[in-house]
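Please find below a colleague's note on the structure shown here. The points are numbered and may be read beside the sequence and the model.

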Amino acid sequence: MAEIRLEGVSKRFGHHAVLSRVDLDIADGEFCVFVGPSGCGKSTLLRLIAGLEDVSAGEIHIGGKRVTHLPPAKRGIAMVFQSYALYPHMTVYQNMAFGLSIGRTGKADIDARVRRAADILHIAPLLERRPRELSGGQRQRVAIGRAIVRKPGVFLFDEPLSNLDAALRVQTRLELAKLHAGLDASMIYVTHDQVEAMTLADKIVLLHTGAAIERHGSIAQVGAPLELYHRPVNLFVAGFIGSPKMNLLAGTIAEAAQTHATLRLPDGTRIAARVDAHLAIRGQPATIGIRPEHLRHANQGEPGALTLTATHVEHVGDSSYVYLEGPALTPDTPLTMREAAATTLHARDRVTVILPPEHCHLFDEAGNAFPRHLE
């Protein structure tokens, strides 16, 4: 069993709170990704679990055992760092075997573990090479193999793909997903890349930054990738998850009910959202949000339509993104609309769009989401 439980974990450096009140359960065998902007404490949280940093408050349990003050070697974990940290004078085989040999594991057992890990990672032909003879992707697989041979209950990955080029990142990401499926172990993975988070994770932990840590604690939202994408609990999550990010329009509540709400934009346009806003107050500032793929072209005379101007069209292969500006929007909040790759829209074209109520999110003045009504 290798479930991980964090209870009220906090970390301070002097008077500066890096992490605050982290309560988290990671199930046995789960692939959990810590993601968030730079400085949110995701690597620090990983290092607390590994035992490389001391907690300022709270408790850490791994496999049902309290490990808060245990050294890393006694926690049943293995860590893969951003830097490969391979011994340059040793072969691949020796690099993978070194940790076992100093732990006095038998030679036959070491050989079996190294060769099994090499087969899993497709590096068996490389066992007699030295690190300088390997590509970046091969070196990273050796670093992962060095962790596998220890047979840990928990694997910890600290941005392991950040040194790889784009194509190799995709390939190695797929290999990590296959590795998780083939190993009976929990994995915690730190990244700033939300594509990695969305594609790898069973569970995403999105961390706050700045003053939000003191107000709300470090965790902004925990859940499955699509839960964070389709049901963000606050503006921070809505603005971070998604590329391009969710469109956000500020206004005031014009109507509020248990099944819907209407937001009045600065130019007087009213946008409806299918949410439970019966506790909202008319005239209260609020923000409406919608994903780029949910904007659609309006039919003639359709209520709630916005007539905007395309400022830029971005072609990205299988789709295009149209950036829109207009009097209903503030200069720093253009709308982004996803179109088919073969869109005929160009810069300076006039575009009339609708925000379908069933796809709209509504956030109150404090940035918290009203519950949505989904069909």
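1. The surface may be considered at the outset. The protein chain exposes about 17,600 Å², and carbon and sulfur atoms supply 51% of that area. It should be kept in mind that this is a predicted model. Of the 375 residues in the protein chain, 50% count as buried.

2. The next point concerns overall dimensions and content. The C-alpha trace of the protein chain spans about 80 × 45 × 40 Å along its principal axes. Nine helices and 20 strands are assigned in the protein chain. Among contacts with a separation of 6 or more, 64% are accounted for by residues 24 or more positions apart.

3. Strand S11 (residues 247-256) and strand S12 (residues 261-264) run antiparallel and are joined by four bridges. Here Glu255 has Thr262 in S12 as its bridge partner, and a hairpin of four residues leads from S11 to S12. S12 also pairs with strand S13 (residues 270-273), again in the antiparallel sense, over four bridges. In that pair, the bridge partner of Ala261 is Ala273 in S13. The hairpin of S12 and S13 has five residues between the strands, and in this hairpin Gly268 takes a positive phi near 95°.

4. Charged groups form the next topic. The protein chain carries 40 positive and 39 negative charges, whose mean positions are 7 Å apart. Side chains of opposite charge can pair when their charged atoms come close. How many salt bridges are counted? The count comes to eleven. There is also a network of salt bridges, which links Lys11, Arg47 and Glu53.

5. Arg5 and Glu7 provide one example of a salt bridge, with their closest N and O atoms 2.7 Å apart. Is Arg5 buried, exposed or partly exposed, and what is its relative accessible area? Arg5 is partly exposed, because its relative accessible area is 31%, a value between the limits of 20% and 50%. Glu7 likewise counts as partly exposed, at 33% relative accessibility.

6. Helix H3 contains two further examples. The side chains of Arg113 and Asp109 meet in a salt bridge at 3.2 Å, N to O. These two residues are four residues apart in helix H3 (residues 107-120), so about one helical turn separates them. Arg113 counts as buried because its relative accessibility is 19%, and the limit for buried is under 20%. Asp109, with a relative accessible area of 32%, is partly exposed.

Notes: Residues are numbered from 1 along each chain as its sequence is written. This is a predicted model: local features need pLDDT of at least 70, side-chain atom pairs count only at pLDDT 80 or more; totals for chains, interfaces and linings use all residues. Side-chain values use heavy atoms; hydrogens and water are left out. Buried means under 20% relative accessible area, exposed over 50%, partly exposed in between (1.4 Å probe, protein chains only). Contact means heavy atoms within 4.5 Å. Accessible areas come from the Shrake-Rupley method with a 1.4 Å probe; for residues, only the protein chains shown count as cover. Lys and Arg count as positive and Asp and Glu as negative; His and the chain ends are not counted. The place of a charge is taken as NZ of Lys, CZ of Arg, CG of Asp or CD of Glu. A salt bridge is a side-chain nitrogen of Lys or Arg within 4 Å of a carboxyl oxygen of Asp or Glu. Two strands pair if DSSP finds at least two bridges between them.
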